[in-house]
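Please work through the exercises below with the model in view. Each task is followed by a solution in steps.

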Amino acid sequence: MPILEKLAQSGQARHWTDSIPLEYHYTAGVAGEEFRRELRDNGRFLVSKCSKCKSTYIPARMYCPDCFIEMKDQFPTDKPGYVYSFTSVNRDRSGADTELPITVGIVKFEGVKGGIVHLLDVGGPDRVSIGMKVSPSLKNLSERIGAITDILGFKPTSTGPSKTTTEGGTTERHAARTRDDQARSLLHSIEESGYPIEEDEMTISSLRTKIGKGELLTSEEDRLLHRLGDKAKEWRKAVKSSSDTEPTDTLSG
Ligand SMILES: [Zn+2]
């Protein structure tokens with residue numbers, strides 16, 4: 001049957017089985033490859049910096065998503081990582097129970113946008129807390145191949161006050177924990193709001209460190225955190241109202 005001939009009846013269709021060899025080459029992209037190379041050769045994380053908005057991104061990428069310009073400035077970061085979010089999984093990809101719960105987290109770096117999703121080598125989900133300082137543990141140089149699995153996981157760096165003791169629970173400890181949680185969620189909402197924190201970066205960074213270690217904030221720092229929280233709230237409102245007034249095909253309100 002000529003190839004252009006149309007089938008009039010489905011019964012005319014025939015099929016045969018064979019194989020077609022296909023070869024795939026996955027590339028991580030220009031910046032992605034540089035990130036992997038730096039990880040493999042020097043065990044460091046490469047970040048990109050935008051020359052216009054001065055934002056830095058991890059992993060390194062080619063274009064600033066805010067300014068749409070190419071980022072040519074790339075350098076390894078020595079900023080400490082911290083746990084931004086985490087979860088614990090008890091099943092593997094096939095749905096079978098894992099022997100132990102596996103803790104996975106998003107690790108962010110101070111003053112850098114983006115982050116790395118990886119295993120948290122913390123010895124159990126109850127031993128990890130938001131803001132906890134972590135550092136990567138890597139495979140040996142000779143074993144690294146330039147893949148994200150060159151990182152074995154992230155381990156806690158600080159041996160600060162342990163957050164693991166949950167027994168007892170006096171009202172005082174409970175109050176401290178509530179304050180702690182409030183500070184954490186406030187810090188989280190500031191970071192989430194997308195509010196440009198550049199000028200307050202130092203302040204936020206030191207607050208994050210303290211909160212991460214579970215240290216109590218002074219009343220001055222607490223006031224500062226709330227003030228930044230208010231700024232972030234206003235920022236979010238402003239962003240929302242400007243997006244509401246942007247021309248769309250439906251009327252808002
Ligand atoms: Zn930019």
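Predicted model: local features only at pLDDT ≥ 70, side-chain atom pairs only at ≥ 80, totals over all residues.

Residues are numbered from 1 along each chain as its sequence is written, and side-chain values use heavy atoms, without hydrogens and water.

**Exercise 1.** Identify the protein donors of the zinc ion and the geometry of its site.

Step 1. Donors are N, O and S atoms within 2.8 Å of the metal (3.2 Å for Na, K and Ca); water is not among the atoms, so sites may look incomplete.
Step 2. The SG atoms of Cys-50, Cys-53, Cys-64 and Cys-67 lie 2.3 Å from the zinc ion.
Step 3. The angles among the 4 donor atoms are 106 to 113°, and the site is tetrahedral (four donors, all angles between 85 and 135 degrees).

**Exercise 2.** State the strand order of the open sheet of 5 strands.

Step 1. Strands are DSSP runs (E, at least two residues), numbered from the N terminus; two of them pair if DSSP finds at least two bridges between them.
Step 2. The order is β7-β5-β4-β8-β9, with antiparallel pairing.
Step 3. β7 (116-119) and β9 (151-156) each have a single partner strand, so they stand at the edges.

**Exercise 3.** Is Glu-110 buried or exposed?

Step 1. Buried means under 20% relative accessible area, exposed over 50%, and partly exposed in between (1.4 Å probe, protein chains only).
Step 2. The relative accessible area of Glu-110 is 9%, so Glu-110 is buried.

Conventions. Tetrahedral: all angles 85-135°; square planar, octahedral: opposite > 155°, others 65-115°. Helix = DSSP H or I, 4+ residues; strand = E, 2+ residues; numbered from the N terminus.
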